[in-house]
Amino acid sequence: MKYWIIILAALKRKKWRTGLTISSLVIAFLLFGLLRSVAVIFTEDVDLSGDDRLIVSSKYSIIDSMPIAYLQRIRGIDGVEIVAHQDWFGGTYIDRANFFPKWPVPPKEFLDIYQEFKISDQHKEAFISTRTGMIAGQKIIDRFNWKIGDRIPIIGDIYFLDDGTNLWEFDLVGTFTDIENPGNEDQVFLNYQYFDEAREEEWRGVVGNFIVKLTDKNDGPRVAKEIDAMFANSMDETKTSTEKAYQQMFASQIGDIGFIMNAILAAVFFTILLVTGNTMSQSIRERTSELAVFKTIGFSDMTVMTLVLIESLVLCIIGALLGLGITAIMMPALSEMVSVSLGEISLEISVILSGLGIAIITAFVSGFPPALGAMRLKVVDALKKD
Amino acid sequence: MSEILVDVKNLSKEYKRGGETLVVLDDLNLEIPKEDYLALMGPSGSGKSTLLNLIGGLDTPSSGSVSINGERIDQMNSKQLSNWRASNVGFIFQFYNLLPVLTAQKNIELPLLLTNLSGAQRKKHVETALNIVGLADRSGHKPSELSGGQQQRVAIARALVSDPDILVCDEPTGDLDRDTATDILNLLKSLNEDHGKTILMVTHDPAAAESAKRSLHLDKGKLII
Ligand SMILES: Nc1ncnc2c1ncn2[C@@H]1O[C@H](COP(=O)(O)OP(=O)(O)OP(=O)(O)O)[C@@H](O)[C@H]1O
Ligand SMILES: [Mg+2]
């Protein structure tokens, strides 16, 4: 397009201003890319089939617990291969800033279900046979420089020992890795049996969630229904969902994240609209006599208006592409950061497309008033101002 | 004299402000033959620029007609006027109004972007125009790297590049010192004599008027010989 040179000339006229405007657009679209990618997790359609793991939690709240006795009954359901369970231990290792998730689990069943956690047979054996045993992800090991055989002190905040003190000690007996999902290496697992026996008596005999491994992943909907039906009229009713759906639910307990994110984005884009709109109007005002020259030499009113709109469009598209590009680059690191609590995230095509859509809308909304002004500009008036 | 290029008949231009009507041009008649070089003088506010803009198709009259080469430009709409200006008239103003980030060459090329010429053809036309104004060696310079006189030459080349029949100049030497003004006037003279351009020039400078073939005076919206 031969008019390209005119657009470039307009943008290059005040390089600093163009640069700053593009920078604020880049930041806005970076925020957009990151927040939308996280938000996708909360809005994804829940698909009960295709996931060979189910999570059974208390029907009314994810912090309520269920009797450990449910385990035997769940195991008896047709299509269930293994049943494990996990609890949220909370607790602090030396400093609150060192936070990482700690889960009491039944060692054998848990590791049998989570085949993706790579652990040597020797370490697995040690975890199963050591009452006070703990295994830690490679990241934790690296982070705190732990060695096998170390005694790891954890200050309990949810769970106290039966004597009323809260200094728990665990023996580090193994490490595991998860190559597919390195974010999972940022947690530790404790032996449930010891945890249950050592905690205060009135708390014993319950678990936070059951994890059910299916023989056939297509059985998910049926098995989930049977489990929930089995405990339907008991004291502790259950709610069974796929692991993915559970993660979604877990995360949305933090508040209506989707809403908060959208509110932030709306504020960001409102600001961006003002910034871009201001840049465009200022730039057009400064170039009044240039625009008059274009009209003088035969550019029609519509052409001049189109040129201004394209200028605005170029500005916004560059900002959006750079912002989304940086998002794409940051995504693997971000995904790793949130993968423990939220699961994997990625920059989806739908996010990119809606980002570009917003860029185009921003360009038109902010470019339209100056473009209209440029279209209506009368050469004789514009040149008189000199 | 030869063929008539510009034919202005009973031309009036008025502005209404509040209840008052300001008559800027009053039932004015003017014929400019081909290859004429006409200087238009007169006191400030007498309507010189207004007349020039009407003849150049930048403005439309309140009444009367303006024909250029037999075409009634006063009856054209804004889009038709734009098209007409692109190929029939070249404008030269007191302030050069060049795009500061573009080189002389790119500034001159702008009017040609509206044509169907190829990049190579446009380049050739630009070179020709640069040669005519004597700036072939400055084609890569930006306006800030040129003197006022050189910038005006670039503006003249831009007006010439689409090869229009008529050049309209509104105080083309108004912002230049005497020597530079003389150079520009000589250039305009040669455009008229050697290249057959018809020129209509508004000026306050008697020396500039002197260099034209003839001059007319405008006073209170009427022409006086
Ligand atoms: N848009 C407008 N609205 C009202 N009056 C106008 C408008 N444009 C021009 N005028 C008036 O028309 C008259 C002629 O203006 P014009 O610019 O043609 O004068 P001029 O002869 O070129 O003067 P100068 O030598 O100062 O350039 C002036 O009195 C001016 O105030
Ligand atoms: Mg004037």
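The paragraphs below take up the pocket and then the salt bridges.

This is a predicted model, in which local features need pLDDT of at least 70 and side-chain atom pairs count only at pLDDT 80 or more, while totals for chains, interfaces and linings use all residues. Residues are numbered from 1 along each chain as its sequence is written, chains are lettered from A and ligands numbered from 1 in the order in which they are written, and side-chain values use heavy atoms, with hydrogens and water left out.

The second largest pocket holds about 760 Å³ of space. Its lining has 29 residues, and the closest to the centre are A:Lys384, B:Ser49, B:Thr50, B:Asn53 and B:Asp170. Two or more lining residues come from each of helix H14 (379-384) of chain A and, in chain B, strand S1 (4-17), strand S2 (20-33) and helix H1 (48-55). H1(B) gives the most, with four residues. By residue class the lining has ten nonpolar, eleven polar and eight charged residues.

Several terms used above have set cut-offs. On a 1 Å grid over the protein atoms alone, a pocket is an open set of points with protein on both sides within 12 Å along at least five of seven lines, and lining residues have an atom within 4 Å of a point. The volume is the space filled by probe spheres set on the points, which are joined across faces, edges and corners. Helices (H or I, at least four residues) and strands (E, at least two) are DSSP runs numbered from the N terminus. Asp, Glu, Lys and Arg count as charged, Ala, Val, Leu, Ile, Met, Phe, Trp, Tyr, Cys and Pro as nonpolar, and the others, Gly among them, as polar.

Side chains of opposite charge can pair when their charged atoms come close. A salt bridge here is a side-chain nitrogen of Lys or Arg within 4 Å of a carboxyl oxygen of Asp or Glu, and the count over all chains is 31.

One of these joins A:Arg17 to A:Glu286, with the closest N and O atoms 3.1 Å apart. A:Arg17 lies in helix H2 (residues 15-43) and A:Glu286 in helix H10 (residues 257-286) of chain A, 269 residues apart. A:Arg17 is buried at 16% relative accessibility (buried is under 20% relative accessible area, exposed over 50%, partly exposed in between, with a 1.4 Å probe and protein chains only), and A:Glu286 is partly exposed at 30%.

A:Glu197 forms a salt bridge with A:Arg131, the closest N and O atoms being 2.4 Å apart.

Note on methods
On a 1 Å grid over the protein atoms alone, a cavity is a set of points where a 1.4 Å probe fits but cannot get out, and a pocket is an open set with protein on both sides within 12 Å along at least five of seven lines; lining residues have an atom within 4 Å of a point.
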